[in-house]
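Please read the following note with the structure open beside you, and check each point by eye as you go.

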Amino acid sequence: MEMIKPRKGTHLHTFFLRYLFFLCLSIILLGALLIGLFMFAFSATIILPANYAETQITLAKDRIATSSEVTDDMIPDLVDYAVISNKGEFLSGTLTEKEASHAWRLKEKGETKSNVRFYAFVEREQEVCILRYGLAPEYRSPVMRKYLPNPQLTALLLFIIGVIVQATVLAVHFGRRLKRKMLGLQEAIEKIQHQNLDFHIKPSGIREIDDIALSFEQMKEALNTSLTQQWQAERARREQISALAHDLKTPLTIIRGNAELLLDTVQDEVQKEYNTYILKNTLEIEKFTKQLMDISNMEQSVGGVKTTVELASFIQQLEQQMKALALEKNLEVSVEKDKLPDAFMIEEELFYRALLNLIVNAIEHTPHNSKVTLSVQGEADIIHFTVMDSGAGFSSQDLKRATKQFYQGDPSRNAANHHGMGLYIAESIIQKHGGTLTLANDSITGGGKVIITIATS
């Protein structure tokens, strides 16, 4: 694979200058295109030249001056008119009396222009014909004059819209090119996030990006060395914990067995009390070591195999286990099912262990003769598993931290034999399945509620 070499390729500012060059070139081409279109429109008389009305007035003057009466058909296109008596009285025309009066005052002053309007005066025998016109290009079609901006404004709007479109298209094109150039860095970051340092970054062709990539390669080598040592130390720690927990099983079994045998012998009350302490704490240590082994096995189980599991059968197993666990506290067990798919993809043993941890936790926090509920609801391509207890619910601190390892939380909610690993193990397993675990309190009963959401495949 081609490796990054220092100081090769194009400068980043050259890359952006190319964008600027193409933008300027496209604007010039756009301007040339618009000029060409307007030249065509002039030659095809779609647009009339600015002096069109003035020229037509020159041609029509004699006819207007000598005719017995001024009529509309004598007046050139794009021209308004008024016929005024020699005493200044308005007689006829398309101008209003006010406009005609204004034009008459201009005539008396010897002026022919007012703002953007121009005036021509044709002397007749007893009257004057005033012609008003403009000096700007206009559409020949009355429909186009009615519904479109004037040709100059239309050209300006087309130019502005064209520049915006060209700048947007070029920005998107060059943005995508720059993104492709930086794709190597992005892939490298993603691989590091997944703890994979076996990669090389391809040269991008841009010097500044390749300089960063070269520094990235050097940093990767140093990071690889450091992380390898750290991962080896972490793996050794997990193996030691697993081995320690496993080695504790045999002496704990012997201690518990001997303590149980001692209970069958003749003992006074004090000896029985001490013996009971030994048995109770031995069971606690056995439970604790089992949880440690569960965590260690789960952390070492990377990329386990998912299988298709029949959902109805899976829920039936959970329900049977719930009922068995609930007997001690005489709890009512409720299992609710809604829109269930036939099957879903999971690592069955791990996922069953996660749900069982939640069920045990719910039963532990539910008072005697109350109720625990397991709700399973299908929705499109996901499934929600909700375990609800009838206890005091989670405190605000529990809602934030109860899934942290060794978090024991509020003593009023948690039992003395609680080690703070059940929810941590459950959440870790759910995350391995790409799902989420959410803690909440039921709005009606106030009890704790744990919601698991995973995809069906």
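This is a predicted model: local features need pLDDT of at least 70, side-chain atom pairs count only at pLDDT 80 or more; totals for chains, interfaces and linings use all residues.

1. Aromatic pairs in general. A pair of aromatic rings is described by two quantities, the distance of the centres and the angle of the planes. The structure holds 12 aromatic pairs, and two of them are looked at here.

2. Phe21 and Phe22. The rings of Phe21 and Phe22 have their centres 5.5 Å apart, with 70° between the planes, and the pair is edge-to-face, because planes over 60 degrees apart are counted in that way. As for accessibility, Phe21 has a relative value of 51% and counts as exposed, while Phe22, with a relative accessible area of 40%, is partly exposed. The value for Phe21 deserves a careful reading, because exposed means over 50%.

3. Phe344 and Phe385. In this pair the centres lie 6.0 Å apart and the planes stand at 35°, so the pair is tilted.

4. A cluster of rings. Phe21 and Phe22 also belong to a cluster, in which ring pairs link them with Phe15, Phe16, Tyr19 and Phe174.

5. Cavities. When the whole structure is searched, 2 cavities of 30 Å³ or more are found, and the second largest cavity has a volume of about 50 Å³. This second largest cavity is lined by 11 residues, of which Asn361, Ala362, Val387, Asp389 and Val450 are the closest to its centre. By type, the lining of the second largest cavity divides into 6 nonpolar, 2 polar and 3 charged residues.

6. An open sheet. Finally, please follow the 5 strands of an open sheet, which come in the order β3-β2-β6-β5-β4 and pair in the antiparallel sense. The edge strands of this sheet are β3 (90–93) and β4 (113–114), each of which pairs on one side only. Strand β4 pairs with strand β5 (residues 117–123) over 2 bridges, again in the antiparallel sense, and within this part of the sheet Ser114 has Arg117 of β5 as its bridge partner.

Key:
Residues are numbered from 1 along each chain as its sequence is written. Side-chain values use heavy atoms; hydrogens and water are left out. Rings of Phe, Tyr and Trp (its six-membered ring) pair if their centres lie within 6.5 Å; planes under 30 degrees apart count as stacked, over 60 as edge-to-face and the rest as tilted. Buried means under 20% relative accessible area, exposed over 50%, partly exposed in between (1.4 Å probe, protein chains only). On a 1 Å grid over the protein atoms alone, a cavity is a set of points where a 1.4 Å probe fits but cannot get out, and a pocket is an open set with protein on both sides within 12 Å along at least five of seven lines; lining residues have an atom within 4 Å of a point. Grid points are joined across faces, edges and corners, and a volume is the space filled by probe spheres set on the points. Ala, Val, Leu, Ile, Met, Phe, Trp, Tyr, Cys and Pro count as nonpolar, Asp, Glu, Lys and Arg as charged, and the others, Gly among them, as polar. Two strands pair if DSSP finds at least two bridges between them. Helices (H or I, at least four residues) and strands (E, at least two) are DSSP runs, numbered from the N terminus.
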